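Subject: Structure for you to look at

Hello,

Here is the structure for you to open alongside this message. Please keep it in view while you read the notes below.

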Amino acid sequence: MEERCQACGKKRAGMMQRLKECMKRAKGGGKLTIGFLGGSITQGSLATEQEKTYAYLVFTWWEKTFPQAEFSYVNGGIGGTSSHYGAARAVTDLLMYQPDFVVVDFTVNDEADSFFQETYEGVIRKLLSWPSSPAVVLLHNVFYDTGANAQETHDKVGEWYGLPHVSIKDTIYQRMKKGEFALEELTPDGLHPNDKGHALAAGELIRLLERAKEGMEDGKEERPALPSPMTPNAYEHAKRLTIREISPVLDGFRADTEEKTGHLDAFKNGWIGKKAGDRIIFELKASCIAVQYRKSVTKPALSAELILNGDDAHPVLLNGNFEEDWGDCQYLQPVLHHGENKKHQIEIRILQEDIKEAVEFYLMGIVIA
């Protein structure tokens, strides 16, 4: 089973050894955690029930294939989120459960550019270097209506680390283009799969797993060492700061006192601004900074401006109004990328707006790297 990287000729299956070892532990009756990290498709959007999502169907394959083992399921999918956020939340939403196997999919939420290639590498390096040494498989979903995704830039990262991958663009999407399926058979909105689309995606992943299982007892390959980074790699150690991790100066803003009940209970552990002039001030050391706040589908919503290091002449607008209609967005806005690694000041203040009743401004947190 030797897929080779088209770019460098190295074994594409270099990390397949982790997957084989994972399966051997399952065959021996071990306890394993099967994990998933990604956006709305991973979360299960537009499947009629969780049991019909691609993630749960793949988890079920593990249970049925290795009935002697004990499996736990962790789904770290959050709709509308990119690998930038994924790098910051990988520990709390997935890695803290010590996964043995992980599917990663941010290919329809990331742009196909160098910024998201770097944040994607941050996710991959964080997973591969975690003490539980999970076997990692990359999943590249696709916009069925346009064929767009970030597969090309993501797959360069995958090739660099020798990771096995499944491309929906190269498989199911091509079958659809040839007329085997109508778009409406797979997705009601051109992106998120229905039950049939989820089942087909799961089938592609399961084919990869079956191939690995066939070669599980082959001679042991040497597990490759983690190579040096491909990108500048500023995001491998990204962190998300909420009321649990940092205490900013509050001048009108207040800390949200409601308890967070899980990783999908998004708008908790943050700070709330309710009127013009409310301010919040952070001091933190980093070279990369992004601010995460709610964009609301309920309008009008308050907006704010961000001042970095006292530069009032160049404020960053934080628009609290969301122009799409699928739900409130956990928007992550970079304000410093590869800047000087020193202490920076961030001031956020609610803008003066002639609005009698507006949705409050919700600041979810700060992501630093």
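This is a predicted model: local features need pLDDT of at least 70, side-chain atom pairs count only at pLDDT 80 or more; totals for chains, interfaces and linings use all residues.

Residues are numbered from 1 along each chain as its sequence is written, and side-chain values use heavy atoms, with hydrogens and water left out.

Helix packing

Two packed helices are described by the angle between their axes and the distance between the axes. Axes are lines fitted to C-alpha atoms, for helices over the stretch in contact, with angles from 0 to 180 degrees between N-to-C directions. Helices (H or I, at least four residues) and strands (E, at least two) are DSSP runs, numbered from the N terminus.

Helix α1 (residues 16–27) and helix α9 (residues 195–214) have axes that come within 9 Å and cross at roughly 80°. That makes α1 roughly perpendicular to α9 (65 to 115 degrees; under 35 is roughly parallel, over 145 roughly antiparallel, and the rest oblique). In contact (heavy atoms within 4.5 Å) are Met16, Leu19, Lys20 and Met23 of α1 with Leu208, Leu209, Ala212 and Lys213 of α9. This contact of α1 with α9 has six nonpolar, no polar and two charged residues. Here Ala, Val, Leu, Ile, Met, Phe, Trp, Tyr, Cys and Pro count as nonpolar, Asp, Glu, Lys and Arg as charged, and the others, Gly among them, as polar.

Helix α9 also packs with helix α3 (residues 54–65): their axes come within 8 Å and cross at roughly 35°. The crossing of α3 and α9 is right-handed (the near helix is turned clockwise from the far one by less than a right angle; left-handed if anticlockwise). Residues in this contact include Trp61 and Trp62 of α3 and Leu205 and Ile206 of α9. The contact of α3 with α9 divides into eleven nonpolar, two polar and two charged residues.

The axes of α4 and α5 are 8 Å apart, at an angle of about 20°. The two helices α4 and α5 are therefore roughly parallel to each other, and α4 passes α5 in a left-handed crossing.

Pockets

A pocket is an open set of points on a 1 Å grid over the protein atoms alone, where a 1.4 Å probe fits, with protein on both sides within 12 Å along at least five of seven lines; lining residues have an atom within 4 Å of a point. Grid points are joined across faces, edges and corners, and a volume is the space filled by probe spheres set on the points.

The largest pocket holds about 890 Å³. Its lining has 36 residues, with Gly80, Thr81, Asn109, Trp326 and Cys329 nearest the centre. Strand β14 gives the largest share of that lining, five residues.

The second largest pocket has a volume of about 550 Å³. Among its 25 lining residues, Arg89, Val91, Thr92, Asp93 and Arg240 are the closest to its centre. Helix α4 gives the largest share of this lining, seven residues.

Backbone details

Most residues other than glycine have a negative phi, and most peptide bonds are trans. Gln98, not a glycine, has a positive phi of about 55°, and lies in the loop between α4 and β3 (101–105). Lys299 and Pro300 are joined by a cis peptide bond, with omega about 0°. Pro300 is in the loop between β11 (289–295) and β12 (304–308).

Regards
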